[in-house]
Amino acid sequence: MEDQHTEINKIGQALFIVNRHAKTALDPTQLYQLKNETMKKLLSEKKAIKVGLHFSNNPKQSRQHSVLLVQVGNYYFHMPPSKDDMQALKHLGKLDESYRNPKPSLSLTNAKKTLLVYLDWSVKATKQKQAKPKPKYSPFTNSPSSLSPFYHKRKRW
């Protein structure tokens, strides 16, 4: 039981790091996908608890909406609720600004590895792919690509 509790806290720490980096990333889609898939798996395995609903701090198109509050170990996260969640769970009202998750000391790389291992996803080998070398530019070739972008061949009638 103790091992499972430490594993869930480790996953909670990794989720916290991924979520924090996703909020400031230029393209957060992969990080949010990793977070959401991990949360779904934790909920399906009953390792996370749906606490209730909160009003969102970021209304969509000036309309108030609710987010689902989920507890993973000692950490709390928000995610979009399902229709069943909206009907079944208690609404907790406004978000408590005084509460903060514990600060983990974990790198983003290690956090992503932890979540990928938990999800049993393979690490994409993007670093292993070598980029194709670009051909050297030579101004003396006769190919149309080396000509000015304003050059057009005459149409033959």
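**Core and helix packing**

From the N terminus, the elements of the protein chain follow the order α-α-β-β-β-α-α. That gives four helices and three strands. The model is predicted. The protein chain has 157 residues, and 29% of them are buried. Among contacts with a separation of 6 or more, 62% join residues 24 or more positions apart.

The largest nonpolar core holds 26 residues. Within this core, L15, M39, L42, V70, V72, F77 and L115 touch the most other members. At least two core residues come from each of helix 1 (2–24), helix 2 (29–44), strand 2 (66–72), strand 3 (75–79) and helix 4 (108–119). Helix 1 gives the most, with eight residues.

Now take L15. Beyond its neighbours within four places in sequence, L15 is in contact with K35, T38, M39, L42, V72, F77 and L115.

Next comes a helix pair. Two packed helices are described by the angle between their axes and the distance between the axes. For helix 2 and helix 4, the angle is about 40° and the axes lie 10 Å apart. The crossing of helix 2 past helix 4 is left-handed.

Which residues make the contact? Helix 2 supplies L31, L34, E37, T38, K41 and L42. Helix 4 supplies L108, K112, L115, L116, Y118 and L119. By type, the residues of this contact between helix 2 and helix 4 are eight nonpolar, one polar and three charged.

Definitions and conventions:
Residues are numbered from 1 along each chain as its sequence is written. This is a predicted model: local features need pLDDT of at least 70, side-chain atom pairs count only at pLDDT 80 or more; totals for chains, interfaces and linings use all residues. Side-chain values use heavy atoms; hydrogens and water are left out. A nonpolar core is a set of buried Ala, Val, Leu, Ile, Met, Phe, Trp, Tyr and Cys residues joined through side-chain atoms within 4.5 Å. Buried means under 20% relative accessible area, exposed over 50%, partly exposed in between (1.4 Å probe, protein chains only). Contact means heavy atoms within 4.5 Å. Axes are lines fitted to C-alpha atoms, for helices over the stretch in contact, and angles run from 0 to 180 degrees between N-to-C directions. A crossing is left-handed if the near helix is turned anticlockwise from the far one by less than a right angle, and right-handed if clockwise. Ala, Val, Leu, Ile, Met, Phe, Trp, Tyr, Cys and Pro count as nonpolar, Asp, Glu, Lys and Arg as charged, and the others, Gly among them, as polar.
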